[in-house]
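Have the structure open while you read.

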Amino acid sequence: MLKKLKLYLDTNTNAAPLAVFRIGFGAMMLASIIRFWSLGWIDKLYLQPKFQFSYYGFQWVKPIGNYTYLLFALCGLAALFVLIGFKYRIAIISFFLSFTYIELMDKTTYLNHYYFISVLSFLMCFLPANAYFSVDAFLKKTHYKQIPKWTIDVIKLLLGTVYIYAGLAKLNSDWLFKAMPLKIWLPSKYDIPIIGETLMHKDWFHFAMSWSGMLYDLAIPFLLLYKKTRTLAFVLVVIFHVFTRILFPIGMFPYIMIVSTLIFFDAHVHEKILNVFRQLLKPLKLKVEQPKTETYRFSNRKIIIPILALFFAVQLVFPWRYVLYPNELFWTEEGYRFSWRVMLMEKAGYANFKIVNSETKDFFYVDNLDFLTPFQEKQMSFQPDFILEYAHYLGDHFKSQGNQNIQVFVDCFVALNGRMSQPYIDPNVDLYQEKESFKHKNWILPFNDEIKGL
Amino acid sequence: MLKKIILFVIVVAAISCSSSDDNGGSNNDDGFDRTALLTNVADNIIIPAFQDLQSKLASVDVATTSFINDKSTGNLDALSDAWLEAYKVWQHVQIYNLGEADNLGGGERGFVSFFNIYPVTVADIENAANTGSYDLNTANYHDAQGFPALDFLIHGIATGDSLPLDKFTTNSDFEGFTTYLTDVVTQMISLNTAIVNNWVSSYRSTFIANTDSGLNGSFNKLANDIVYSYEKDFRAQKIGIPAGIFSNGGTLPETVEAFYKKDVSKELSLEALTGIENLFNGISYNSVSSVSGSSFSTYLEFLDREDLVTEINNQFAAGRNAINGLNDDYTQQLSDNSIQMTAAYDIIQAAVPKLKVDMKQALNFVIDYVDGDGD
């Protein structure tokens, strides 16, 4: 067994797929940063809010005023360096750190897609993605045409994990037997050409989409792995992601996934792609001395392999942490994030905060828009950790204004996947006295229904 | 092989890019008929209400002219009657911040800024009457025009006076007050006329044709308007703020609607609720027999959410019931028993999650523009 493992770790393969992956990743990230910036979202999502919702333990990560733009610029520059493979190691580490910092600034903007980018860029810090067809290799006059096979396989493994966990998460009664939330989302897309008026409101279509989405997620990693089904699988990848792009506002993510899955193809496909780039670079008339061709060797493999083994162990176990919490996961969202649960819920809430003086019993209600952006209010209204953090913010705010004996209560209603809204938080619990922790929040009221499945 | 893949990706990407920006889809024969909904709402609810306001404001204008020609108590009472009739109709149109109304530049409150910002700032009116220099189009005068300004001019007593009528007769600025009265009425008529003309001449067809599912689709705007109007114009302004729900330290009787006329605040609240209920159920503005056409209730029923329609209508009925128990004069109610007003607020409030959470989820419309990416 150990021998086999050692043999596997020593196996080498063509470096082209990893080089193409690096170029694609860098290009997509650069485009994402430019898009984010040009849409004015840095200002809108990070600078305009008076208050940021923090991840537990990361309260110190905050936007840094106008320097936030600099942070995005650094992130974009790092992506560009990754793209061209210049000072790759520093570039990818800078990218990972700056991108992750950006995501930690406010959990209102949490998306599985962003988490995926953070995780993937962390992994890429350990990979020799600049070994071949990069500025680094050009300057060093050494092309490593062969790299360890595992450095490509880990990316496939990560992609496979994301898909399969996303598929497993769809194995629940709402998704499969009620076609929720697609039944809510699809009919409102009636203005899409052709299918908008003919399919989007049909019951069977909602079920067909739910089931095929689930099957797609569970099957696609395997279809991509086997040579015979690979081309078909890639066609499916393109169709699936483009279709989700048409239906939902999911930004760059579909394109990132399409480009990423190219890594499953054989090296000769990637050589052809690199040849296209070589043609494009020809006019530059770079003086190419015949570079030395060598096989890449890790000098610190003994450290890197255990780190990556631990990394994948965490990736595989972490999404299951929700089983440690009581009540319905979709309702409490305890253990919901960082688990590849994508598009599973249409959840909306309404939270009306009441500030009470415990001595005089005087009270007044808060207008959330005095403190939060509409986007923050929307996200806060159905997530218990947001509600708690905001309650403390309100309590502190009114204390600083000279109010005394402050109690903070909330009247909160939440509707999940088309069920009638029901009370969400115990209205008699003074949230100002409750503390954030990883323990179960016993002031979340029970869910009046059951969702079966994983 | 590679070329085929690249070609394939380009073609699909091109389709996705072009279609995501497309605004097509005008008739939706197989799904819910949005055109019918928008047509019913425009033709039977919105336009007749604005037209009725136009005729009621014309009556205010006539009464104002009569009063200025003969400044008698009787003529001032006649003006008060005309004012109340128009004010009641206003409660029905205030929901529709659409088309020209949306273009008037009223800021956060939309065209309500020019018609019904209260409490009115009396000092601004007195200062205007004294100096003669003011511009009703500026944001400074949003709280010194429209129905609340008329309320003060007709029923309020200016500094140093003993009767409402004195403003126009014995007050040293009586000419200024008279001019201000005319200017306020003229402003209301000209703005409402612009809104009505815009609806009739062009906006009606634009509104009905825009069956887009996006933020700027007519239905989406209408859905936002009904939620906003219930929450802000009705719940907060008429009941919540006077009852002291949003402020620290007691009730705020000076913030009730029609503060100077006093005994009509309940009547106006009930009209506002009727306006919202009628829109929700698609009931024609002019109909005597509650004839209903396509609207929110129809759409929810189409989506098999009869339960929600019943629930929301029950909440409306409960709210009406609670208001009926209040004094005609809210300032009186607040001094007699403010707890009852707070209790009425709680009942009215209970409909907000139904509209903002359940109805929003069922119809999947966009509340407040949030343009970040989704998962």
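Let's start in chain B, with helix α6 (residues 146-155) and helix α8 (residues 174-209): their axes come within 10 Å and cross at roughly 150°. That makes α6(B) roughly antiparallel to α8(B), a label used for angles over 145 degrees, while under 35 counts as roughly parallel, 65 to 115 as roughly perpendicular and the rest as oblique. The axes here are lines fitted to C-alpha atoms, for helices over the stretch in contact, and angles run from 0 to 180 degrees between N-to-C directions. Helices are DSSP runs of H or I with at least four residues, strands are runs of E with at least two, and both are numbered from the N terminus.

The α6(B)/α8(B) crossing is left-handed, which is to say that the near helix is turned anticlockwise from the far one by less than a right angle (clockwise would be right-handed). On the α6(B) side, the contact is made by B:G146, B:A149, B:L150 and B:L153; α8(B) brings B:F177, B:L181, B:V184 and B:M188. Residues are in contact if their C-beta atoms, placed from the backbone, lie within 7 Å. Sorted by class, this contact has seven nonpolar residues, one polar and no charged. Nonpolar covers Ala, Val, Leu, Ile, Met, Phe, Trp, Tyr, Cys and Pro, charged covers Asp, Glu, Lys and Arg, and the others, Gly among them, are polar.

A word on what you're looking at: this is a predicted model, where local features need pLDDT of at least 70 and side-chain atom pairs count only at pLDDT 80 or more, while totals for chains, interfaces and linings use all residues. Residues are numbered from 1 along each chain as its sequence is written, and chains are lettered from A and ligands numbered from 1 in the order in which they are written.

Now the domains, with bounds that come from an automatic or database domain assignment.

| Chain | Domain 1 | Domain 2 | Distance between C-alpha centres |
|---|---|---|---|
| A | 12-321 | 336-433 | 34 Å |
| B | 32-207 | 212-368 | 22 Å |

In chain B, the contact between the two takes 30 residues from domain 1 and 33 residues from domain 2. On the domain 1 side, α2 (34-69), α3 (73-93) and α6 of chain B each supply at least two residues, and α2(B) has the largest share with ten residues. That side of domain 1 of chain B divides into 18 nonpolar, eight polar and four charged residues.

In chain A, 23 residues of domain 1 and 20 residues of domain 2 make the contact. Here α8(A) gives the largest share of the domain 1 side, four residues. By class, that side of domain 1 of chain A has 16 nonpolar, three polar and four charged residues.

On to a sheet in chain A: four strands form an open, antiparallel sheet in the order β5-β4-β6-β7. Strands pair if DSSP finds at least two bridges between them. The edge strands, each pairing on one side only, are β5 (363-365) and β7 (422-423) of chain A. Eleven bridges join β4 (residues 347-357) to β6 (residues 406-416) of chain A, and A:A351 stands opposite A:C412 in β6(A).

Which helix of chain B packs on this sheet, touching β4 and β6 of chain A? That's α15 (residues 351-363) of chain B, whose direction makes about 160° with that of β4(A).
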